[in-house]
Amino acid sequence: MKKLVLILCAALLACGAATAQKKKAAKKTKPATTAAAPAKVGSNAEEGKKWYDAERYDQARKFLKKAVAEGDIDSKVRLAAIIYNQDMDPETANAMFDECIAAGSAFALERKGFCTLQSAWDTKEDKLKSIELIQKASDMGYGDATAELFEVYLNGFKTFADQEEIIAKDEAKAVEYAKKGAEQENPECLAYVGMWVYKGVKGFEKDEALGVQMLEAADKASRRFFTTNCLEPAKVLCQHYTDNGEAAKASAIMALLKKYHPTEF
């Protein structure tokens, strides 16, 4: 456990240094994962990513097409995801994903796996294969893929059509993936592990200071994502601020929690 805490502390320092350069999308941010040069501010690739992360797909598509013509692999992955989900054209999308996977993109592995996992028409066998793709991306160090595996094992997963169980709930595996994702600086995993460390549950030694650091790192990565997808950790951070006389900090987070989760309050 001491080793994990040291690793997580190191991850927090790295995460803090990179915060100014990151923007986490509502549901999943996709940081660059290929060997391509980082996009310049205002470039087609960055503009496409900005609109993709904001789920403004028609706007994103215009910039992503230009970025793909310029040779940006991550933009091709994002465009493929739009074609898969918005155009409902998995054949074209999968061909694009496969080209990016052949170029070594963990992002493409994760996006292809995620699109298949979440689609309403793919079979149980397709979805099991999608888990394998996401696992490969996780093993390549891609934290968003690890977070998806955390969610799958935390909640279990069933087919959409007939609710056939594909993956059973497995808390032990979920916790292990959360640890791994936190070490990979994924904000969702940082949030949940931070909550568990703060409370001293799920096998973690209680350490409120470290827990708050991790929760704050997740919040700083993207408050929109934190308040949308990390409800329980966000509640814990709000309560900590309230208990420690930092009402302004608590109210800023609580306002978004009420917006995104109106039935919870």
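Reader: Which residues in the largest nonpolar core touch the most other members?
Author: Phe97, Val193, Trp196 and Phe226 do, in a core of 69 residues. A nonpolar core here is a set of buried Ala, Val, Leu, Ile, Met, Phe, Trp, Tyr and Cys residues joined through side-chain atoms within 4.5 Å. This is a predicted model, in which local features need pLDDT of at least 70 and side-chain atom pairs count only at pLDDT 80 or more, while totals for chains, interfaces and linings use all residues. Residues are numbered from 1 along each chain as its sequence is written, and side-chain values use heavy atoms, with hydrogens and water left out.

Reader: Which helix gives this core its largest share?
Author: Helix α10, residues 187–199, supplies nine residues, the largest share. Helices are DSSP runs of H or I with at least four residues, strands are runs of E with at least two, and both are numbered from the N terminus.

Reader: How many helices and strands are in the protein?
Author: The protein has 14 helices and two strands.

Reader: And what percentage of the residues is buried?
Author: Of the 265 residues in the protein, 48% are buried. Buried means under 20% relative accessible area, exposed means over 50%, and partly exposed is in between (1.4 Å probe, protein chains only).

Reader: What share of the contacts joins residues 24 or more positions apart?
Author: They account for 57% of the contacts with a separation of 6 or more. A contact means heavy atoms within 4.5 Å.

Reader: New topic. I'm looking at Lys112. Is it buried or exposed?
Author: Lys112 counts as buried, because its relative accessibility is 16%. The residue is found in helix α6, residues 106–118.

Reader: What is Lys112 in contact with?
Author: Asn94, Phe97, Asp98, Ile101 and Leu133, leaving aside neighbours within four places in sequence. Phe97 is also one of the residues that touch the most other members of the largest nonpolar core.

Reader: Where is Thr116, then?
Author: Thr116 is also placed in helix α6. With 9% relative accessibility, Thr116 counts as buried.

Reader: Which residues does Thr116 touch?
Author: Not counting residues up to four places away in sequence, Thr116 touches Tyr84, Asp122, Asp126, Lys127 and Ser130.

Reader: Moving on to helix packing. How do α8 and α9 cross?
Author: The axes of α8 (residues 143–155) and α9 (residues 171–183) come within 8 Å and cross at roughly 160°. The axes are lines fitted to C-alpha atoms, for helices over the stretch in contact, with angles from 0 to 180 degrees between N-to-C directions.

Reader: What does that make α8 and α9 relative to each other?
Author: α8 and α9 are therefore roughly antiparallel, a term for angles over 145 degrees.

Reader: Which residues of α8 and α9 meet?
Author: From α8 there are Thr146, Leu149, Phe150, Tyr153 and Leu154, and they meet Glu171, Lys173, Ala174, Tyr177, Ala178, Lys180 and Gly181 of α9.

Reader: What does Gln135 touch?
Author: Leu149, Tyr177 and Lys180, once residues up to four places away in sequence are set aside. Each of those three takes part in the meeting of α8 and α9. Gln135 itself is in helix α7, residues 124–139.

Reader: How far apart are the C-alpha atoms of Gln135 and Leu149?
Author: They are separated by 7.4 Å, and the two residues are 14 apart along the chain. Gln135 is partly exposed, because its relative accessible area is 22%.

Reader: At what angle do α11 and α13 pack?
Author: About 115°, and their axes are 10 Å apart. Val212, Leu215, Glu216 and Asp219 of α11 make the contact with Pro233, Val236, Leu237, His240 and Tyr241 of α13.

Reader: What about the angle between α2 and α4?
Author: α2, residues 44–53, packs with α4 at about 35°, with the axes 10 Å apart. Ala45, Lys49 and Tyr52 belong to the α2 side of the contact, and Ser75, Arg78, Ala81 and Ile82 to the α4 side.

Reader: Last topic, the backbone. What is phi of Met88?
Author: Near 55°, a positive value in a residue other than glycine. Most residues other than glycine have a negative phi. Met88 sits in the loop between α4 (73–85) and α5 (90–102), and is exposed, with a relative accessible area of 59%.

Reader: And phi of Lys202?
Author: That phi is near 60°, also positive. Lys202 lies in the loop between α10 and α11 (208–221) and is partly exposed, with a relative accessible area of 36%.

Key. Parallel < 35°, antiparallel > 145°, perpendicular 65-115°, else oblique.
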